[in-house]
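Subject: Handover of a structural model

Dear colleague,

Please find the sequence and the structure below. My notes on what was found follow them, arranged by topic.

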Amino acid sequence: GLKSPPAAVIINGDCAYLKGLPADYANLADCVAPLQAAGMPLHVTMGNHDDRQPLFEALKAVRPEASPVQSKHVGVIETPYANLFLLDSMYQVDVVTGELGQQQLTWLAKALDARGDKPAVIMGHHNPQFQAPPEGSRWTGLQDTAAFLELLASRKHVRAYVFGHTHNWSISRRDTLHLINLPPVAYVFG
């Protein structure tokens, strides 16, 4: 009903409750049906509570014909003023740890290098984790944070990393990179 509707909708991970069950995605499909009926493209990233196959079965519009990264759901949204790079940080279903992996980082580097003419905004579910967890504890953010941030820092057109996962809203900077922690729509922790 807006005079100028949004160009698209992006859900940045955790589209399901805990384990990415088909019923979770059926519910999500019902919730986003009005957006899709209005012609708004829907994009999703994978969070730790997601499961790719049931998500793709319920939301056929988000299933890629072929992913440029095997076993990951990634993509690029090109707009007139900036490019958005959607990453898949799911390590395993219902495991808090996030990981991009070398194959996805290689793809991201090539995709960024091919689109250096506009600012780049990177989106992924998991937060950067700047310190390793204590011995015997799991990573709660991206376990490959150092490699990821090094990749971003070496490309000056990368302006921001937008993430969720921590259930808290915050904005910070690391050198010239803006770190935007989206607020959750449920389960607010802080």
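Asp-88 is buried, with a relative accessible area of 0%. Please bear in mind throughout that this is a predicted model.

**Salt bridges**

Taken together, Arg-52, Lys-72 and Asp-88 are linked in a network of salt bridges.

How many salt bridges does a search of the whole structure find? The search returns 5. Among them is the pair of Asp-113 and Arg-155, whose closest N and O atoms are 2.7 Å apart. This pair, too, links distant parts of the chain: Asp-113 is in helix 3, and Arg-155 is in the loop between helix 4 (145-153) and strand 6 (158-163), 42 residues apart. Arg-155 counts as buried, at 16% relative accessibility.

**Packing of helix 3 and helix 4**

Two packed helices are described by the angle between their axes and by the distance between those axes. For helix 3 and helix 4, the angle is about 10° and the axes are 11 Å apart. Angles under 35 degrees count as roughly parallel, and helix 3 and helix 4 are therefore roughly parallel to each other. On the helix 3 side, the residues that meet helix 4 are Leu-105, Leu-108, Ala-109 and Leu-112. Their counterparts in helix 4 are Ala-147, Phe-148, Leu-151 and Leu-152.

**Surroundings of Val-32**

Val-32 is placed in helix 1 (residues 22-37). Its relative accessibility is 5%, and it counts as buried. Apart from neighbours within four places in sequence, Val-32 is in contact with Ile-11, Leu-42 and Leu-59. One of these, Leu-42, is 10 residues away along the chain, and its C-alpha atom is separated from that of Val-32 by 8.3 Å.

**A nonpolar surface patch and its neighbours**

Which residues form a nonpolar patch on the surface? They are Tyr-17, Leu-18, Tyr-187 and Phe-189, which together have about 480 Å² of accessible area.

Tyr-17 is found in the loop between strand 1 (9-12) and helix 1. Not counting residues up to four places away in sequence, Tyr-17 touches Asp-24, His-49 and Tyr-187. The C-alpha atoms of Tyr-17 and His-49 are separated by 6.4 Å, although the two residues are 32 residues apart along the chain.

Phe-189 lies in the segment after strand 8 (177-181) and is exposed, with a relative accessible area of 60%.

His-167 is located in the loop between strand 6 and strand 7 (170-174). Is His-167 buried or exposed? His-167 is buried, with a relative accessible area of 18%.

**Residues with positive phi**

Asp-94 has a positive phi of about 60°, although it is not a glycine. This residue is found in the loop between strand 4 and helix 3, and at 28% relative accessibility Asp-94 counts as partly exposed.

Asp-175, also a residue other than glycine, has a positive phi near 60°. Its place is in the loop between strand 7 and strand 8. Asp-175 is exposed, with a relative accessible area of 70%.

Yours sincerely

Terms used: Residues numbered from 1 in each chain as written. Predicted model: local features only at pLDDT ≥ 70, side-chain atom pairs only at ≥ 80, totals over all residues. Heavy atoms only, no water. Patch = residues over 30% accessible without salt bridge, like charges linked within 9 Å, V, L, I, M, F, W, Y side chains within 5 Å. Areas by Shrake-Rupley, 256 points an atom, 1.4 Å probe, with all protein chains shown as cover. Salt bridge = Lys/Arg side-chain N within 4 Å of Asp/Glu carboxyl O. Helix = DSSP H or I, 4+ residues; strand = E, 2+ residues; numbered from the N terminus. Buried < 20%, exposed > 50% of the residue type's maximum accessible area, 1.4 Å probe, protein only. Axes fitted to C-alpha atoms, helices over the stretch in contact; angles between N-to-C directions. Parallel < 35°, antiparallel > 145°, perpendicular 65-115°, else oblique. Contact = heavy atoms within 4.5 Å.
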